[in-house]
Amino acid sequence: MTRYSTILPALLILGSLVPLRTMQAAEAAVPSQVKMINDTIEQGWRDFEIRPASEADDATWCRRVFLDVVGRVPDQTELSEFVSAKGKDKRAALVDTLLHDDKYTEEYASHWSTVWTNILIGQSGGNGRDSMISRAGMQKYLRDSFARNKSYDRIVFDLVTATGSTKPGTENFNGAVNFLVDKVNEEKGVLATSSTSRIFLGQQVQCTQCHNHPFNQWKQQMFWEFNSFFRQTRSLRRFVEGTRDVDHAELIDEDFAGEANDPEDALVFYELRNGLTRVAYPVFTDGTPIEVSGFVSDVKRRGELGRMMLASENMDKMGVNRMWSLFLGFGFTKPVDDLGPHNPASHPELLSKLAVEFRKNSYDLKQLITWITLSRPYNLAPVLGSNNEIDDPSIGEMPKFSRFYLRQMSAEQLYQSLVTATDASSQGSYEEQERQRNRWLQQFVVAFGTDEGDEATTFNGSIPQALMLFNGDLTKKAISTSGGSFIDRLSKTGKSPRDRVNRLFLAGLARRASKKEMTVAGQLMAARKGNEKEMLQDMWWAILNSNEFIMQH
Amino acid sequence: MINNWQTPSGMSRRHFMQHLAGSSAVATASMTMGGAIKANAEEMRKNGKSAILLWMGGGPATIDIWDLKPGAPTGGPFKPISTTGDLQICEHMPMVAQQMKHLSVVRSMSTREADHNRGRYYMHTGYVPNPNIEHPSYGSVIAHEVMDQRPNLEIPPFVSVGGASAGPGFLGMAWSPFSVTSNGQIRNLKMNLEDNRLLQRMAALDTIETGFSQRTRDLPASEHAKVLKKTFDLMTSDQMEAFRVEKEPEEVKERYGTDRFGQGCLLARRLVEAGVPFVEVDLGGWDNHGGIHTLFKDTKLPQLDRSMSALVEDLNQRELLKDTVVIWMGEFGRTPRINQNAGRDHWARSWSCVVGGGDINGGLAVGETSSDGTAVESEPFSSEDLMSTVCKGLGISTEKTFTSKNGRPMKIAGGGKIISELVA
């Protein structure tokens with residue numbers, strides 16, 4: 001259970017006796033890493049002569065932190081409990097509850113599993129009929145890992161080195177294999193090479209497959225050396241008996257004879273632009289070689305790679321940079337997974353320091369989340385003012401984090417939020433709900449026609465997304481007035497129509513209706529000839545379609 | 001006020017939207033019109049030019065289609081055939097060969113981006129990716145430039161069929177491609193609610209939107225309002241008829257090809273006919289690192305041949321081709337050298353694009369490559385040059401300069417040079 005639930009009452013008792021001590025104790029409760037973030041970010045504001053936005057109000061911040069930590073907006077009880085709670089540490093206490101209270105473990109794990117599934121296998125990985133990936137297997141591995149708060153380095157190691165079967169319920173199931181299972185067979189494992197280096201080390205190497213890159217310190221030789229680590233690895237398809245349908249796949253390590261057919265000296269060839277052929281052996285990016293044997297009994301190449309990645313500073317930085325961008329909307333670099341001298345960071349010193357702290361604290365993701373969510377930049381209002389006009393990364397400026405940047409919720413956050421805000425959750429088992437959710441999400445995915453499986457999403461604020469929210473089934477369900485629906489239940493609570501309109505706004509937007517909005521509600525009520533449920537339905541439709549609802553703010 | 005709410009029947013949809021626009025400062029050209037004038041398609045086309053981009057995702061081997069090297073070790077097995085233009089193309093493109101008097105091949109494309117994402121970005125925008133700025137794609141730019149000639153267009157000015165195209169960059173989400181599948185079916189189009197109530201919901205929505213935009217002053221908030229307006233237009237417009245590709249006669253559908261690309265090309269014609277300035281149709285599957293020639297002969301080229309020839313022929317017969325520029329390209333070409341898997345790898349140094357229609361001369365081969373196809377031996381052309389030429393063919397001035405939101409001036413088509421042979 002929560003640390004704060006035990007610490008806080010103790011502090012309160014102390015507080016009534018010795019005020020001075022309490023203050024010191026309260027300050028000590030804020031991790032030093034938070035102060036480090038604040039100092040560096042504030043220095044940036046001074047350097048650019050800007051003043052930050054004011055602090056976000058409690059309700060706004062509560063909605064924000066729920067969305068980022070557990071992937072949905074707070075329900076009305078959660079919101080009102082937080083807003084009415086007393087004490088200057090209540091934000092810290094909420095973060096602690098979301099991270100450590102058993103009540104939220106499942107949602108926390110499920111949200112982060114979703115985020116990482118999209119990073120590791122894309123939004124559509126595993127959805128094709130002949131795909132070797134089991135999306136469910138990937139999610140299961142991640143859910144279990146986040147639920148147990150497995151450390152970040154351990155997760156990375158698992159994903160890079162895993163062997164076993166993709167699908168839950170099969171023999172040797174190991175969901176972590178789904179990251180690499182469709183990336184090792186084709187094209188000599190080129191995709192495994194570029195994905196692993198990009199996602200975990202922030203090194204964009206896809207171009208160096210064919211040539212030295214002009215803006216990147218990676219050379220073609222390094223690409224094939226890194227690639228060599230994956231060459232003992234193969235994916236095997238397992239078919240549904242008596243058919244040619246893929247049931248699942250298995251990722252295995254096997255002896256690699258090398259391209260010169262000598263397992264004692266298992267090398268790979270690659271070709272320079274001018275047609276000359278060169279050879280490569282497994283060598284890590286820092287120049288450290290491993291044994292050249294291709295026999296698994298001599299050396300497990302991916303295991304060696306995993307160990308060297310864990311020792312690499314780049315892994316720490318990449319992990320921190322990604323987490324920061326997931327919470328603040330922009331990373332210290334853009335794109336977030338491209339680190340290096342060719343792409344300067346907005347706050348290089350802070351990025352390094354946070355990376356060091358992350359390693360020192362055993363890659364505990366929950367601690368990192370605590371530092372970020374309690375930091376000053378994460379607690380600012382989402383307001384662009386005359387004092388920080390230049391802080392606008394949406395037009396290409398380096399972020400200065402002097403306000404909370406508006407950003408669209410992810411499709412998954414929107415889905416979960418609609419479900420929470422209306423209890424529109426689908427009936428059925430976990431698997432059935434997951435299928436429904438996945439079907440809904442897939443309507444936004446557009447694939448590019450390349451071998452690298454590139455894809456884009458139309459869940460980007462454009463018309464198809466707006467149409468879906470205007471008229472889609474999920475919205476229809478959310479605004480239904482039939483017996484037992486959200487609107488129906490709401491209509492039976494509260495003192496007055498006014499009160500119920502305010503409840504609608506709190507549920508969707510974590511605030512009460514403005515004067516103008518209340519006037520509009522009155523007009524709607526008249527237009528609906530006094531049918532309050534229909535008025536609430538119209539208003540709820542408007543709330544769910546508003547920029548304020550679909551944006552993280 | 002409340003009375004207005006109950007009886008907005010005297011209020012036209014446009015008038016209502018104008019009212020909304022005034023209150024949220026999202027007025028656009030199309031909303032300053034007075035009454036609800038429904039111009040017919042023919043009227044609209046009088047002063048309107050359009051472009052259709054056939055996007056070949058993955059980077060096709062143009063050496064096997066448009067610039068053959070028979071006999072060279074890099075040449076592959078295909079033979080060239082004569083066409084109605086002053087050039088030869090691949091033997092597996094006989095129907096397109098009949099249309100080549102309308103199309104020209106630029107054989108001296110020479111670019112530097114041989115990664116899919118970077119190449120796609122560069123060929124769609126004329127700029128290399130830059131972490132600090134998002135450049136608008138040509139579709140967004142062209143739609144933006146010709147929209148003032150289409151005050152009555154209610155459907156999105158930039159439609160992407162069967163693919164994702166590339167985004168509007170700093171022009172804003174209102175200029176992003178509207179992605180549809182090739183059957184033209186649009187999800188969630190109808191609310192099935194009486195008009196008045198829809199309008200009232202929109203008004204309530206507008207109140208919330210405006211409040212949030214004014215409080216935060218952040219761009220994404222106000223961009224959202226613009227998209228809502230376009231969405232509303234879409235839901236209530238008769239022009240959506242243009243998407244109903246299933247209404248075409250069977251023989252036309254068959255001439256275009258009943259696969260996705262064929263139907264996408266047919267949809268593109270319908271959209272252009274309805275006044276849409278920019279349509280992109282995607283045909284993926286050109287990332288052929290292995291077994292390329294069998295695949296080309298049996299699948300890729302027959303498919304391309306049928307649909308591309310149908311589109312050009314049909315546009316011409318309907319007298320639309322003189323106002324419609326057709327562009328065929330991918331993100332790059334492929335290596336002249338055939339690799340050990342009988343495929344070709346990424347190659348940007350020497351490759352071909354195809355353009356025609358509008359004011360662009362057809363039937364020409366512009367520029368040339370060396371005897372094995374590995375180098376350009378005439379003046380090299382870039383994405384910027386090609387797109388400047390397309391703009392010229394559409395009557396859009398390439399002197400126009402945009403200002404990005406952080407104040408950088410940016411020329412349309414990246415200040416490329418016009419390929420003079422094509423527009424002389």
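Helices (H or I, at least four residues) and strands (E, at least two) are DSSP runs, numbered from the N terminus. The model is predicted: local features need pLDDT of at least 70, side-chain atom pairs count only at pLDDT 80 or more, and totals for chains, interfaces and linings use all residues. Residues are numbered from 1 along each chain as its sequence is written, while chains are lettered from A and ligands numbered from 1 in the order in which they are written.

**View 1. Overall secondary structure and burial of chain A.** Chain A comprises 24 helices and 9 strands. Of its 553 residues, 46% are buried (20 or more other C-beta atoms within 10 Å of the residue's own, with C-beta atoms placed from the backbone). Among contacts in chain A with a separation of 6 or more, 63% are between residues 24 or more positions apart; a contact requires C-beta atoms, placed from the backbone, within 7 Å.

**View 2. The open sheet of 3 strands in chain A.** The strand order is β1-β3-β2, with antiparallel pairing (two strands pair if DSSP finds at least two bridges between them). Because β1 (164-165) and β2 (233-239) of chain A each have a single partner strand, they stand at the edges, and one side of each lacks a neighbour in the sheet.

**View 3. Pairing of β2 and β3 in chain A.** The antiparallel strands β2(A) and β3(A) (residues 246-253) are joined by 7 bridges. Within β3(A), E250(A) is the bridge partner of L236(A).

**View 4. Helix α12 of chain B.** In this helix (residues 383-393), 11 of the 11 residues are buried, so the rest of the structure largely encloses α12(B). The buried residues include L386(B), M387(B), V390(B) and C391(B), as well as E384(B), D385(B) and K392(B). Just after α12(B), G395(B) adopts a positive phi of about 75°.

Methods. A residue is buried if 20 or more other C-beta atoms lie within 10 Å of its own, exposed if 12 or fewer, and partly exposed in between; C-beta atoms are placed from the backbone. Two residues are in contact if their C-beta atoms, placed from the backbone, lie within 7 Å.
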